[in-house]
Amino acid sequence: MTPTRFPVSIEFFPPKTPEGVEKLRVVRQQLYALKPEFCSVTFGAGGSTQEGTFSTVSAILAEGVPAVSHFSCIGATRERVREQLAILKTMGVNRLVALRGDLPSGYGTGGEFHYASDLVAFIRSETGDDFHIEVAAYPETHPQAKSPESDLKAFAAKVHAGANSAITQYFYNPDAYFRFVEEADAIGVQVPVVPGIMPIASSSQLMRFSDTCGAEIPRWIRLRLQSFGDDTASIKAFGLDVVTDLCEQLRSGGAPGLHFYSMNQSVATMEICRRLGL
Ligand code: FAD
């Protein structure tokens, strides 16, 4: 019997320029060698990148690979969400990552949805079981949550509203992930929770991102990265070791797959998967 492949999925963001579109096409071809379960494309709240999301999703589908659209609801009306769901269905998309999203500054707070759980419930009420719905999970707690308990309840609410599975925010501390999964299980939330993996390619970019999304970079990793200064070769080599080790711990500890935040680059994701034998 052929052993089942350990599932890997890969995330992209929609490029903003024709050069970016071409570069991502090449990157995708390289990453398809990993035979991803699906490739997903992020979605900008407030309309900033939504056309780019749909055209990138179309391109992936045309390449014969399952494509997943992220879909955020903050600032949106029910009518607009209904229209966009219809477009995605016509395109042949059958899996979504349903999110609240964050509005870019200057967009105010309007819109008819407050939380991702409202969006999940709306998608289910409008489209039944047409879509497999993924939601976001935060092993280190979402930065706006009142407490870890209330964030876990918010996660449970998304599953009770109809989500099938989840992808986590990235993290470098596997204990946070395992504890989160255990705590969800203890309150009866048993959907697959796939860890989101952020390869480390640049120290300053990682620090910037992590500060805004609330992902913790453990002190020992931060210090080592700082000590490399501008030595990008050492940063990359260290990053590959750290992230491969993290993935190995997650896989051997029972994680149901790995979701790579590729940042539209192929090298680090490919190398980590090669080291993992995937
Ligand atoms: P929610 O689950 O709604 O949670 C948001 C906050 O509200 C949390 O603090 C939660 O604890 C709290 N909350 C939820 N329900 C309640 C309630 N009933 N009462 C009180 N508090 C509540 N952003 C994008 O713009 N585009 C993307 O494509 C995108 N893709 C992502 C993919 C993944 C896998 C992840 C992990 C994040 C992604 N994000 C994306 C970022 C995400 O939009 C932000 O983290 C956003 O701030 C929260 O979205 P959410 O869906 O997790 O929100």
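I take buried to mean under 20% relative accessible area, exposed over 50%, and partly exposed in between, with a 1.4 Å probe and protein chains only. The model is predicted, so I note that local features need pLDDT of at least 70, side-chain atom pairs count only at pLDDT 80 or more, and totals for chains, interfaces and linings use all residues. Residues are numbered from 1 along each chain as its sequence is written, and side-chain values use heavy atoms, with hydrogens and water left out.

**Entry 1: helix H9**

I took helices (H or I, at least four residues) and strands (E, at least two) as DSSP runs, numbered from the N terminus. H9 runs over residues 232-252 and has 21 residues. From first C-alpha to last, H9 reaches 30 Å, close to the 30 Å expected at 1.5 Å a residue. That expected span is 1.5 Å times one less than the number of residues.

Which residues of H9 are buried? I listed Ile235, Phe238, Gly239, Leu240, Val242, Val243, Thr244, Leu246, Cys247 and Leu250. Next I looked up what covers them. The cover includes helices H6 (174-186), H7 (203-213), H8 (219-228) and H10 (267-276). It also includes strands S7 (193-197) and S8 (258-261). Just after H9, Gly254 takes a positive phi of about 105°.

**Entry 2: the core**

A nonpolar core here is a set of buried Ala, Val, Leu, Ile, Met, Phe, Trp, Tyr and Cys residues joined through side-chain atoms within 4.5 Å. The largest one has 82 residues. H9 gives the largest share of this core, eight residues. In soluble globular proteins, nonpolar side chains tend to be buried together.

Which residues have the most contacts inside the core? They are Phe155 and Tyr172. I followed Phe155, taking contact as heavy atoms within 4.5 Å. Leaving aside neighbours within four places in sequence, Phe155 is in contact with Val135, Ala136, Ala137, Ala166, Phe180, Ala184, Val189, Val191 and Val193.

**Entry 3: Ser165**

I found Ser165 in strand S6 (residues 165-170). Is Ser165 buried or exposed? Ser165 counts as buried because its relative accessibility is 5%. Not counting residues up to four places away in sequence, Ser165 touches Arg95, His132, Ile133, Glu134, Val135, Val191 and Pro192.

**Entry 4: the ligand**

A polar backbone atom of Gly101 is 3.2 Å from a ligand oxygen. An N or O atom in the His142 side chain is 2.7 Å from an oxygen atom of the ligand. A polar side-chain atom of Asp151 lies 2.6 Å from a ligand oxygen. The ligand taken alone exposes 980 Å², and the protein buries 83% of that.

**Entry 5: loop residues**

Lys35 sits in the loop between helix H1 (18-31) and strand S2 (38-41). Lys35 is not a glycine, yet has a positive phi of about 50°. Lys35 counts as exposed because its relative accessibility is 59%.

Asn264 lies in the loop between S8 and H10. Phi of Asn264 is also positive, near 60°. Asn264 is buried, with a relative accessible area of 6%.

Terms used:
A polar contact is a pair of N or O atoms within 3.5 Å; within protein, one must be able to donate a hydrogen and the other to accept it, and residues adjacent in sequence count only if both atoms are side-chain atoms. Accessible areas come from the Shrake-Rupley method with a 1.4 Å probe; for residues, only the protein chains shown count as cover.
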